[in-house]
Amino acid sequence: MSAVPYLALISALAGLVLAGYYYKAVEAASPGNDRMVFLMTEIQKGAKAFLKQEYTWVSAFVVVMMILLAIVIAPLAAVSYLLGAVLSASAGYAGMTVATMANARTTEAAKDGPGKALPIAFRGGAVMGFAVAGLALGGLMLTYLLFVEWAEVDNAFEIVTAYGLGASSIALFSRVGGGIYTKAADVGADLVGKVEAGIPEDDPRNPATIADNVGDNVGDVAGMGADLFESYAGSIIAPISLTAFAAGLTAVDAGNTGTVEFLMFPMAIAFAGMVASIIGSFLVKGGDSTDSKALSKALHMGTNVAMGLTIVATFGIAYWMFGDIADDAGGAPWGLALSVIGGLVAGWALGKTAEYYTSDHFGPVKKIAAQSETGPATTVLSGISAGMVSVASSVILVLLGVGIAYWGGEQTLGDTSFAGIYGIAVAAIGMLATTGVVVSVDAYGPIADNAGGIAEMAELDPSVREVTDALDSLGNTTAAVAKGFAVGSAALTALALFKSFEFAVVEEGGSLSLNVGEVDVFIGLFLGAGLPFLFAALTIDAVGRAATAMIEEVRRQFREIPGLREGKEGVVPDSARCVAISTDASLKEMVVPGALAVVVPLVVGFIDVDALGGLLAGALVTGFALAIFMANAGGAWDNAKKYIEAGAHGGKGSDPHKAAVVGDTVGDPFKDTSGPAMNILLKVMTIVSLVFASAFV
């Protein structure tokens with residue numbers, strides 16, 4: 001059993017090797033003509049410049065946190081924190097680099113149909129997927145082996161948990177900063193270009209088009225990658241920290257029979273999920289049809305196979321590790337396997353729910369498109385109601401997942417509070433065990449979106465844009481599916497980390513009450529319930545302010561550059577100015593929301609631990625609901641617009657189309673800025689509380 005961390009580390013390295021293989025496969029494809037190469041290079045330059053500045057800003061925050069950890073917890077905790085932060089940033093940068101290579105190559109391949117284009121876009125996304133999974137798992141296993149098994153240092157498990165805090169810090173700022181950037185550019189490009197000027201999306205005359213395409217990469221690729229890196233690492237850390245703090249383990253105790261199984265089980269599931277993801281990634285092949293159902297089936301083949309293999313492996317691992325322990329407790333090993341599978345199925349079901357509410361094949365999106373006949377107001381109202389309704393079904397699915405996981409833990413380990421909570425903790429790793437292939441499918445979307453933009457800006461044959469639009473429409477749905485996994489795992493991981501926080505407080509000689517009749521808990525509960533709304537408001541306002549600057553700049557260029565709006569030959573927009581506006585605005589605007597997630601739990605924790613417990617509980621409930629609402633409402637508006645652009649309700653340029661563009665503009669910060677950042681907010685606050693628990697007491 002002691003070999004499990006080494007096996008997980010080897011599987012992580014295999015994932016990184018596969019990422020390298022896919023990188024070479026993408027690089028070997030043709031990027032197209034000189035105009036396409038120029039556009040690809042401009043997008044690359046803008047994305048790299050943004051990430052360089054973003055990481056420079058975030059590094060100051062990382063240094064402050066390292067100093068705080070070194071003083072309050074242990075110097076080695078600062079080292080673990082730095083490793084998590086650096087690897088998370090590296091995964092995002094690697095994914096963004098290949099995504100900006102794959103876009104023009106996907107456009108070029110689209111000339112020969114979706115059968116050629118889809119695999120290139122997927123392989124570009126797979127570099128992101130396996131870089132995220134490989135670096136997250138590899139770094140965590142290295143941290144565990146170094147501090148727990150090899151050096152056996154004091155506070156070993158607090159130090160391992162700090163790795164997750166490092167990943168969370170990068171994820172929070174990457175999601176918020178990247179989200180503000182991409183939506184400021186997107187809103188500016190759409191409102192002035194499509195609504196006011198009446199020109200097509202991604203038209204080369206629009207100065208914000210390059211910035212919009214840069215935003216797809218820094219927000220939906222680099223930001224999303226950092227988000228899933230943190231989610232994946234956190235889901236493995238949660239059951240490990242739960243076991244360690246519940247049993248009061250030191251590094252020396254970690255190998256004892258009766259505890260080692262609980263530490264090794266999540267690592268073994270991660271190992272199985274990585275191997276299954278690698279196998280599944282080879283099964284994604286494109287067909288000749290542009291029908292979204294056929295494309296969806298081809299793209300999801302890898303995910304479905306990976307999930308099936310993981311389910312089979314989970315039963316074997318559970319019987320191997322918990323056979324004797326279950327016998328002693330009068331239980332059965334299949335219980336914990338069921339917990340993991342319950343999480344995996346709940347994550348899949350959350351994704352399918354998101355698909356139902358955001359795909360133009362189903363009623364909610366068609367209803368929004370029909371409402372656009374009566375103007376922007378009814379379009380916005382129907383999107384809000386669709387997002388709200390989706391929360392109800394998502395909450396039920398998460399509660400079913402929690403109930404099954406809790407019951408499964410009891411079936412293996414007996415009727416104890418730890419058994420059920422441990423079952424919930426491993427359910428989160430079940431949701432994200434196949435992260436490699438899930439992120440691959442998600443990162444595919446922005447690549448397909450960029451490919452369509454390059455097709456339009458390079459003025460290729462309209463048939464090319466038809467292929468890329470089919471790929472892009474599917475990408476919106478795959479993104480919603482991945483967000484379902486991420487938000488669902490956030491709820492389960494935050495719950496497990498919250499319980500670990502309670503154990504850590506008790507271990508330090510303190511106590512934690514969640515009795516809402518106590519005034520400090522009640523105050524904390526309401527503070528926590530309101531915090532996600534404040535966070536969402538700050539990020540939406542940030543998008544609004546940045547978009548206003550972008551809109552004014554696009555209008556100025558149309559007004560002041562002779563012949564630009566008319567498309568006069570030789571007249572080109574000043575795209576660099578728009579890129580600079582988005583970059584500067586997003587970096588300034590990300591600081592306050594990002595700092596909020598770390599500062600608030602620290603301040604409340606040092607004042608009153610019970611109030612902090614209430615804050616975490618309140619934030620978890622409202623944050624989850626708000627994240628689902630925003631992600632699904634935004635996705636529904638986006639695909640309602642694309643449904644109309646495909647020819648329904650008058651098609652492009654009609655009044656319903658203009659109303660749908662307004663709805664999509666409202667939904668942009670919902671689905672790509674505030675919503676996705678919400679799940680990171682929940683986990684950052686919980687993991688900060690856990691790491692600093694000893695200091696609070």
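Reader: Is Glu152 buried, partly exposed or exposed?

Author: In this predicted model, local features need pLDDT of at least 70 and side-chain atom pairs count only at pLDDT 80 or more, while totals for chains, interfaces and linings use all residues. Residues are numbered from 1 along each chain as its sequence is written, and side-chain values use heavy atoms, with hydrogens and water left out. Buried means under 20% relative accessible area, exposed means over 50%, and partly exposed lies in between (1.4 Å probe, protein chains only). Because the relative accessible area of Glu152 is 42%, this residue is partly exposed.

Reader: Where in the chain is Glu152 placed?

Author: Glu152 has a positive phi of about 50 degrees, although it is not a glycine. Helices are DSSP runs of H or I with at least four residues, numbered from the N terminus. Glu152 is found in the loop between α4 (114–150) and α5 (156–197).

Reader: What is the relative accessible area of Asn155?

Author: Asn155 also lies in the loop between α4 and α5. Its phi is positive, about 55 degrees, although Asn155 is not a glycine. Asn155 is partly exposed because its relative accessible area is 38%.

Reader: Which residues does Asp186 touch, not counting residues up to four places away in sequence?

Author: Asp186 belongs to helix α5. It is buried, since its relative accessible area is 9%. With contact meaning heavy atoms within 4.5 Å, and residues up to four places away in sequence not counted, Asp186 touches Asp212 and Asp668.

Reader: What radius of gyration does the chain have?

Author: The radius is taken over C-alpha atoms, and the globule rule is 2.2 Å times the number of residues to the power 0.38. For 697 residues, a compact globule would therefore have a radius near 26 Å, and the chain agrees with this at 24 Å.

Reader: Which residues touch the most other members of the largest nonpolar core?

Author: A nonpolar core is a set of buried Ala, Val, Leu, Ile, Met, Phe, Trp, Tyr and Cys residues joined through side-chain atoms within 4.5 Å. Leaving aside neighbours within four places in sequence, Phe265 is in contact with residues including Ile317, Met321 and Tyr422. Of the 244 residues in the largest core, those touching the most other members are Tyr232, Phe265, Phe501 and Phe692.

Technical notes: Helices (H or I, at least four residues) and strands (E, at least two) are DSSP runs, numbered from the N terminus.
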